[in-house]
Amino acid sequence: MSRSPASSGLLPMPGSPSSSWAVYRARFASIFRNADASVLVAFWLFGLINNVLYVIILSAAQDLVGSDVPKGVVLLADVLPSFLTKLVAPYFIHKIPYGLRILAFVAGSSLGMFMIALTPPDRSVGVKMAGVVFASLSSGAGELSFLGLTHYYGHMSLAAWGSGTGAAGLVGAGLYVTFTDWFGFGVRNSLLASAFLPVVMLISFFLILPRGPLRRDKKAKEYQVVPVRDEEHDDLEPQDLPATSATSSLLAHGPGPASTAVATDQTDTVAKFRANVRRAKSLFFPYMLPLLLVYIAEYTINQGVSPTLLFPLEATPFEEYRDFYPMYGFLYQLGVFVSRSSIAFVRIRHLYLPSSLQIGNLAVLTLHALLAYIPNVYIIFIIIFWEGLLGGAVYVNTFADIMEEVPAAEREFSLGATSVSDSAGICIAGFISMAIEGRLCSWQVQRGRDWCKKIQVS
C-alpha cells in the first residue's frame, strides 16, 4: 500500500496541498536529524565507486575505439555482462555474505580497469573490451547487492545511494574531461589511476558502515521454529513401545531425519524460486517498464546520437571534435546527479511521464542530427542536461516507490530484481546505437558535414 509523503519521511511535490516552506524546513530538518551519518556516507560512497568506472569507460569510449567503431560496441561491453548478472543473480546471490561480495567486486573492477589502461593503442580493441567486461560484471552485481542492502538501512540509505550514483556520473565524466583536456594527462594514465578507486568500497563496508542491522537480520534468519510434536506420543515411555516396533524403527530402510531435512530444503528452494519469479512478473508494469523505457531513450541519445551532434569548431568552445562527446557526457551526468540527489525532498509518483518526455528528447536530437535545425551547441547542452534530469528522476523514484509499496518480506528481492531494467534498457540502446550512429554519420558526410569522421582513436 502506498504511503503519503508525510508518513514516508519524504517531501511532497511543490505546489501540492501538503507543501509549504514551513513544511519543507521542518521535514528537511527531521530527515537529517534522524539519519545515521555513517550510513549516509557509506552508501554514498558505494553508489559513487560502484558506478564511477562505468561512467569513465563510457566517457572514454571515443578514445578507446575511435570514429570507425560504433560507440554502441563499448556500451554493450560495458552493460551486457551487468545485465546478465542482474537477470540471474537475484535468485542466488543472497546465499553469499555481503563481505565476500565486496571483495569480489573490488577485485573484478580493478582487474578490468588495468586491462583497459595497459593495452597499447595499437593492440586489438577486443583486449580493451575484455577489461570492460570484467568491470561490468562487478558493477552489475554491486548495484543489485547495494540496492538490496538498502532494505536493512531504510529510506535515507536509498537516498544516499542514489546521490552517490548520480555523483559517480558527475565525477567520472568530469574527471575524464579534466584530466584529458585541461591537465593534458594521457588517456592511459587517466584510466590507470581509476583502477585504484574500488578500494574505497572496502573502506566503506568494513570501516564506515555500521553492520548491526545485518547482524540482527542474520540472527533472525538463523532462528527456526521447532516443529510441534505429537503430545499423545510424547506421553509414551520407551518401555511402553512394543519391542517389534522399536526394532523395526531402528532397522527401517525409509528416510531418516537427515534425508528428510535435505528433501525439505530442496522443496523450499524450488518454492522460493517460483515465488520470486511471480514477484518479478508483478514488478514489470509499475516499476520495470518505465525504467526500461527511459534508459532505452537516454542511452540511444548518449551512444548513438550524441557522437553526431557536432558543429563547426569556430562556433563552439572546443578546439577538437573529440571534445564534444565528453562534454555531452559531463552535462548528462550533472543532470543525473541533481535529480538523483533530490529524492529526499521531491518525489515523482507518475513514472511514465518522465519516461515519455525522454522519448521526446530522443526524437528532437535525432531530427537535429539529420536536419541540423538547432542553431548552436549551447541549446544542445541544455537538452542534454534535461535528459540527465529525467533519467535520474525515474531511476531513484522507481526504487523509492518499491521501498514504500512492496511488503518488507519481498523488498530486498524486489529492489535487486528491478535493477535489471536499467541494464536491459542500456543493452537495447546499445544495439540501436550500433545501427544508427554510422548511418547518421554517413548522412551528414553526404551533405557536407564530415565532422564525425575527424575524430581519431587515442
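Mentor: The largest cavity holds about 230 Å³ of space. A cavity here is a set of points, on a 1 Å grid over the protein atoms alone, where a 1.4 Å probe fits but cannot get out; its volume is the space filled by probe spheres set on the points, which are joined across faces, edges and corners. The model is predicted, so to speak of local features pLDDT of at least 70 is needed and side-chain atom pairs count only at pLDDT 80 or more, while totals for chains, interfaces and linings use all residues. Residues are numbered from 1 along each chain as its sequence is written, and side-chain values use heavy atoms, with hydrogens and water left out.

Twenty residues line this cavity, and Asn-51, Tyr-54, Tyr-295, Tyr-299 and Arg-340 are the closest to its centre; a lining residue has an atom within 4 Å of a point. Two or more lining residues come from each of α3 (37-59), α5 (71-88), α7 (125-153), α8 (155-182), α14 (257-305), α15 (324-340) and α19 (420-446). These helices are DSSP runs (H or I, at least four residues), numbered from the N terminus. The largest share, four residues, is that of α15. By class, the lining has nine nonpolar, seven polar and four charged residues. In this scheme Ala, Val, Leu, Ile, Met, Phe, Trp, Tyr, Cys and Pro are nonpolar, Asp, Glu, Lys and Arg are charged, and the others, Gly among them, are polar.

The count comes to four cavities of 30 Å³ or more. The second largest cavity has a volume of about 170 Å³. Its lining numbers 14 residues, with Asn-302, Gln-303, Tyr-325, Gly-329 and Tyr-332 nearest the centre. At least two lining residues are supplied by each of α3, α14 and α15, and α15 gives the most, with six. This lining divides into eight nonpolar, six polar and no charged residues.

In α5, 13 of 18 residues are buried, where buried means under 20% relative accessible area, exposed over 50% and partly exposed in between (1.4 Å probe, protein chains only). The end C-alpha atoms of α5 are 27 Å apart, which agrees with the 26 Å that its 18 residues should span at 1.5 Å a residue; the expected span is 1.5 Å times one less than the number of residues. A kink of about 30° lies at Val-79 in α5, shortly before the proline Pro-81. The bend at a residue is the angle between axes fitted to the seven residues ending there and the seven starting there.

Helix α8 has 28 residues and reaches 39 Å from its first C-alpha to its last, close to the 40 Å expected. Of those 28 residues, 22 are buried, so α8 is largely enclosed by the rest of the structure. After α8 comes Gly-184, with a positive phi near 75°.

Helix α19 contains Leu-440, which counts as buried at 6% relative accessibility. The C-alpha atoms of Leu-440 and Gly-304 are separated by 8.6 Å, although the two residues lie 136 apart along the chain.

Between α14 and α15, the loop includes Pro-307, which is buried, with a relative accessible area of 4%. Pro-307 and Tyr-321 are 14 residues apart along the chain, and their C-alpha atoms are separated by 9.6 Å. Tyr-321 also belongs to an aromatic cluster with Phe-318, Phe-324, Tyr-328, Tyr-378, Phe-381 and Trp-451.

Across the whole structure, a search finds 21 aromatic pairs. Rings of Phe, Tyr and Trp (its six-membered ring) pair if their centres lie within 6.5 Å, and planes under 30 degrees apart count as stacked, over 60 as edge-to-face and the rest as tilted. Phe-114 and Phe-196 form an edge-to-face pair, because their ring centres are 5.5 Å apart and their planes stand at 90°. Phe-114 lies in helix α6 (residues 98-118) and Phe-196 in the loop between α9 (187-194) and α10 (199-208), so the pair ties together parts that are 82 residues apart in sequence. Phe-114 counts as partly exposed at 29% relative accessibility, whereas Phe-196 counts as exposed at 53%.

Notes. 1 Å grid on protein atoms, 1.4 Å probe; cavity = no way out; pocket = protein on both sides within 12 Å on 5 of 7 lines; lining within 4 Å.
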